[in-house]
Amino acid sequence: MSTTGPVGFLLWGACALVGVYLLAPILMILLYSVNSVQFFSFPPPGLSLRWYGDAVAKGLFFGSILLSAQIAALSTLVALALGVPAALALVRGQFPGRKALATLFLAPSIFPAALLGVALLLFFSEVQRGLPLTLAPALPGLVLGHVVITLPWVIRSVSSSLTLVDRRIEEAAVSLGANPPRTFWEVTLPLVRPGLISGGVFAFIASFENLELSLFLTSSGLQTLPMDMLIYIQNYRNDPAVAAVSTMVVLGTALAIAATGRIVGLSRIV
Amino acid sequence: MATGAKVSELAPRTARSVGGPGSIGWLVLPALLALCALFIAPNFGLLQFSFYQAEPGRLYIPAFTTENYARLLTDPYYLGIFGTTARIGGTVTLVCLVLGYPVAYAMARSGPRMRGALMLLVLSPMFVSNVIRVYGWTLLLSNVGPLNWPLRALGLSPVSMLGTEGAVIVSLVQVLLPFMILSLWAAIQTIPVQIEDAASSLGAGPLRSFREVVLPLSMTGVAAGSLFVFILAIGAYASPVVLGGLRVKMILPEIYTEFMDLFNWPLGSALAMVLLAGSLVVTAVYSGALDRAGAGKSSAR
């Protein structure tokens, strides 16, 4: 095979088709959010931005956006606190089973999140019987659950940043009299900053957009944004205001990724 | 010279103090403990609950029974759900493989700029919530949507696609393609392009070179990608619930019903265990296939 000639033509044609396929549903949401009438039809009869004003005026999903942002921020912070030392040990340490552990840490990203959610519901309901606090359905349980999906992002990014760090810079710091903690804070940590930023941003996004993990850990008074949206579209399928909120969330995510790309370099995030 | 001697004296000690053998391995422990508590232990809890007795009015009675499994494995209702789930999982995996391969190949064989652009395109859906994507598919597939537009324009009646297995498959492929493409790309990019050049200079056409050279050498990616996609597809929730409606029944929506609507935790746990066991069996089969592919690869060299 080659990427030129008739075979190449077919190859790039297939890529273009897959690209359209991947982006089509998101473009459809965008189209519905700027169409002028309430009931969706294609092609839209006209264009209008009024659904954005409508969504903001109604304060649609305002509470659940705040809750999801809170869960994403807290679980990302916990994942950074756990994941940075773990990445350091996985990249720099030499102990038996290091490879298997590295695989284990990434396993939650290829595990059905809903299954993890139901397992956590049982687990929390057993654990909280001996404790004076509610884990599920409540904020602590949601944050702990989301740590499982944010941790792989942090470990992956920080590990790949660490492998690029020149060990001699750290050794120079130590030979100049810095103790290991100081070397870590003043030399290693600044050098892995790109990994920290991209790991943190992607962990936040992964938590913020996740529906399935929260399925079993939320309640009617405590809904994450994806849960709230799912329930809303099951009840009111024809409300362009939902499409407007979705579009704003997608644009916000795209902006965050673009900003991360500018800070750490696009090649580092993909 | 004196400083040189000093540095070489220092070297072994500094290497140890910034993380030589054994000294920083313990830093992995907090994350490992968290993963054991929040990822591994809960799955054993699921196993335990799946053997509890169900009782109306209570979530469960902690007494041992195999009744839940007996019910799941004999009741045609549940057997039908397992069948639908496996069929959808298999179809989604195959479609992802066919659609993902050309993109992964193009990504592996293009320059860094093009590769970066393709990678961003492939990854972009991963950062959009499944709810938003599924909502987009309800618009795309609806009777008044763009796919039915040509039919409507010709005055024909639209084909209703919502509430079908096809709709669930189409949306799941879109959700899971990135996993397939990334796995395939990881395998294809390790195949030196010179091997393909050799095949074509020996007279192999593009199809033969693909079938006899590229595809066999990328089997590890095919196996890994298929495994990820299949496991995530049989664990889908949003697509069957929103696009499959009441007609397409998969395991996870049923688990949700058992837990949150019927409050039958033991049966719900047994259902979850069937899903987990299915995933583990498929993983074992695929790692066997991967090992064989790996062995075949090394013997071919």
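1. Which residues of helix α8 (residues 180-191) of chain A are buried? They are A:Thr183, A:Val187, A:Thr188 and A:Leu189. The model is predicted, and the points below should be read with that in mind. The buried residues of α8(A) pack against α3 (62-92), α6 (139-163), α7 (167-175) and α9 (193-209) of chain A. At the N-terminal end, α8(A) is capped by A:Asn179, which places a side-chain oxygen 3.0 Å from the backbone nitrogen of A:Arg182.

2. Since A:Glu170 lies in α7 and A:Arg92 in α3, the pair ties together parts that are 78 residues apart in sequence. Both residues are buried.

3. In chain B, a salt bridge joins B:Arg87 and B:Glu165, the closest N and O atoms being 2.9 Å apart. B:Arg87 belongs to helix α4 (residues 76-109) of chain B and B:Glu165 to helix α8 (residues 165-188) of chain B, so this pair ties together parts that are 78 residues apart in sequence. B:Arg87 is partly exposed, at 44% relative accessibility, and B:Glu165 is partly exposed at 24%.

4. Salt bridges with shared partners connect A:Asp54, A:Lys58 and A:Asp239 in one network. Within it, the side chains of A:Lys58 and A:Asp54 meet at 3.8 Å, N to O. These two residues are 4 apart in helix α2 (residues 50-58) of chain A, which means a separation of about one helical turn. Relative accessible areas are 44% for A:Lys58 and 26% for A:Asp54; A:Lys58 is partly exposed, as is A:Asp54.

5. The whole structure has 11 salt bridges over all chains, but the count between chain A and chain B is 0. Across this interface there are 9 residue pairs in polar contact. Helix α1 (residues 5-33) of chain A contributes the most to the side of chain A that touches chain B, with 16 residues. That side divides into 65 nonpolar, 13 polar and 10 charged residues. The contact involves 88 residues of chain A and 92 of chain B. The buried area is about 8000 Å², with 81% coming from carbon and sulfur atoms.

6. B:Glu196, in helix α9 (residues 193-201) of chain B, is buried, with a relative accessible area of 2%. Its side chain makes a polar contact of 2.7 Å with the side chain of B:Arg109.

Conventions: Residues are numbered from 1 along each chain as its sequence is written. Chains are lettered from A and ligands numbered from 1 in the order in which they are written. This is a predicted model: local features need pLDDT of at least 70, side-chain atom pairs count only at pLDDT 80 or more; totals for chains, interfaces and linings use all residues. Side-chain values use heavy atoms; hydrogens and water are left out. Contact means heavy atoms within 4.5 Å. Buried area is the accessible area (1.4 Å probe) that two parts lose on being put together, summed over both. A salt bridge is a side-chain nitrogen of Lys or Arg within 4 Å of a carboxyl oxygen of Asp or Glu. A polar contact is a pair of N or O atoms within 3.5 Å; within protein, one must be able to donate a hydrogen and the other to accept it, and residues adjacent in sequence count only if both atoms are side-chain atoms. Ala, Val, Leu, Ile, Met, Phe, Trp, Tyr, Cys and Pro count as nonpolar, Asp, Glu, Lys and Arg as charged, and the others, Gly among them, as polar. Buried means under 20% relative accessible area, exposed over 50%, partly exposed in between (1.4 Å probe, protein chains only).
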